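Thanks for coming. Please have a look at the model on the screen while I talk.

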Amino acid sequence: MKIFISWSGTASEKCAEELRNWLPYINPTLAPFVSSRDISKGERGLPKIASELQDCTFGIVCVTRDNQAAPWINFEAGALSRELGDSMLAPFLVDLPVKDLEGPLTQFQATDSRDKEEVWSLVTSINEKCDTSIDATRLRVVFERFWGDLSEKLGTIRDSEPQSDLPVRETSDILNELVALVREQTVRIQRLESTSQKPSNFTSNYTINDPREVIIEADSMSHVNLRDRVEAAAAEFTQIIGKDFIMRTRLEHKKRPSVWFLCTTEGVVRARSNAGAILAASSRYQVGINVESTKDNSVLSWDPDSIEPA
């Protein structure tokens, strides 16, 4: 599978080249393209890049604090998005956390390169899209074997770059962006419901308290079919946790609908660390979400009316 890796600037270029060398260790069928390495002397650069953009299946954009507003990085990201779709494009953040990402790239699911589990999630996404994918257990073993190599080299890239003088984003800016994104998502849901000839009276309320907290509450979705609500909640939970960590799913379409997941130990850990997102999904679809551990049969439960998981 071809992967187009975009870069702009020295640190971003070094990161792209390290990913180019590292990814085939994870899955030998991967064929990353990086313009600094894969355009021969004498070749016309832009036609070669345009050809690779059309042939690739997945795109990675190496983003730094300094280049996130660079015209070239956003041009290539836009071209990749048009060719591949949003779900096939991943900003790879070299020296900044997700909260400090700004501009057009915020619409994509970014990966913090310093977070091992986020990089693992990116790797599993790429593997799932390969014609020849690797079994999840084996993939994890290979990832654990080679993660240290990539992490060390990315750390060297960060340390070798001068400290950026760009200001860290204010909390209020981040919260305003979060609210805007959630409102945009609500509009998309309403449009989908309208297209399927369902009443579009679903609305969301947003409350910003202390600058560290945002509460999102959804009005009743009783007008939406129970089965659709349960299946939507199950799909969103699976996206949050990752299907590789879910052993079995059980849907209950009752007056009080719910969905049960039997998860691996790591899946339960992921559920705990993403409790806020799971509670938001439970509230949005008015569906109970329950996570049972394969290790000790303990259960985590999120109720649409609750504040914390039981």
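Predicted model: local features only at pLDDT ≥ 70, side-chain atom pairs only at ≥ 80, totals over all residues.

The protein has 10 helices and 11 strands. It has 310 residues, and 43% of them count as buried. What share of the contacts between residues at least 6 apart in sequence join residues at least 24 apart? That share is 62%.

Now the helix pairs. Please find helix H1, residues 10–26, and helix H6, residues 136–160. Their axes come within 10 Å and cross at roughly 165 degrees. The cut-off for roughly antiparallel is an angle over 145 degrees, and H1 and H6 are therefore roughly antiparallel to each other. The crossing of H1 past H6 is right-handed. Which residues make the contact? From H1 they are Ala-11, Lys-14, Cys-15, Glu-18, Leu-19, Trp-22, Tyr-25 and Ile-26. From H6 they include Phe-143, Phe-146, Trp-147 and Leu-150. Sorted by class, the contact between H1 and H6 has 14 nonpolar residues, 1 polar residue and 3 charged residues.

The second pair is H8 and H10. Their axes are 9 Å apart, and the packing angle is about 170 degrees. Parallel or antiparallel? That angle makes H8 roughly antiparallel to H10. On the H8 side, the contact is made by Arg-229, Ala-232, Ala-233, Glu-236, Phe-237, Ile-240 and Ile-241. On the H10 side, the residues are Ala-277, Ile-278, Ala-281, Arg-284 and Tyr-285. The classes here are 9 nonpolar, no polar and 3 charged.

Next is helix H9, which covers residues 265–273. Which of its residues are buried? They are Gly-267, Val-268, Arg-270 and Ala-271. Looking down the axis of H9, these buried residues fall within an arc of 160 degrees, so they line one face of the helix. The face turned away from that buried side carries the exposed residues Val-269, Arg-272 and Ser-273.

Ser-6 is in strand S1, residues 2–6, and Val-61 is in strand S3, residues 58–63. Ser-6 has a relative accessible area of 0%, so it is buried. Val-61 is also at 0% relative accessibility and counts as buried. Leaving out residues up to four places away in sequence, Ser-6 touches Ser-12, Ile-60, Val-61, Cys-62, Ile-73 and Glu-76. With the same exclusion, Val-61 touches Ser-6, Ile-73, Ala-77, Leu-80, Leu-89, Ala-90, Pro-91 and Phe-92. How far apart are the C-alpha atoms of Val-61 and Trp-7? They are 6.2 Å apart in space, although the two residues are 54 apart in sequence.

Please move on to the loop between S10 and S11, where Thr-294 sits. Thr-294 is partly exposed, with a relative accessible area of 40%. Its C-alpha atom is separated by 6.4 Å from that of Leu-262, which is 32 residues away along the chain. Not counting residues up to four places away in sequence, Thr-294 touches Met-247, Leu-262, Cys-263, Thr-264 and Thr-265.

Asn-297 is found in the loop between S10 and S11 as well. Why mention its backbone? Most residues other than glycine have a negative phi. Asn-297 is not a glycine, yet its phi is positive, at about 65 degrees.

Gln-286 is another residue with a positive phi, near 55 degrees, and it is not a glycine either. Gln-286 lies in the loop between H10 and S10. Is Gln-286 buried or exposed? Its relative accessible area is 18%, and the cut-off for buried is under 20%, so Gln-286 counts as buried.

That is the end of my list.

Terms used: Residues numbered from 1 in each chain as written. Heavy atoms only, no water. Axes fitted to C-alpha atoms, helices over the stretch in contact; angles between N-to-C directions. Helix = DSSP H or I, 4+ residues; strand = E, 2+ residues; numbered from the N terminus. Parallel < 35°, antiparallel > 145°, perpendicular 65-115°, else oblique. Left-handed = near helix turned anticlockwise from the far one by under 90°. Contact = heavy atoms within 4.5 Å. Nonpolar A, V, L, I, M, F, W, Y, C, P; charged D, E, K, R; others polar. Buried < 20%, exposed > 50% of the residue type's maximum accessible area, 1.4 Å probe, protein only. Arc of directions from axis to C-beta.
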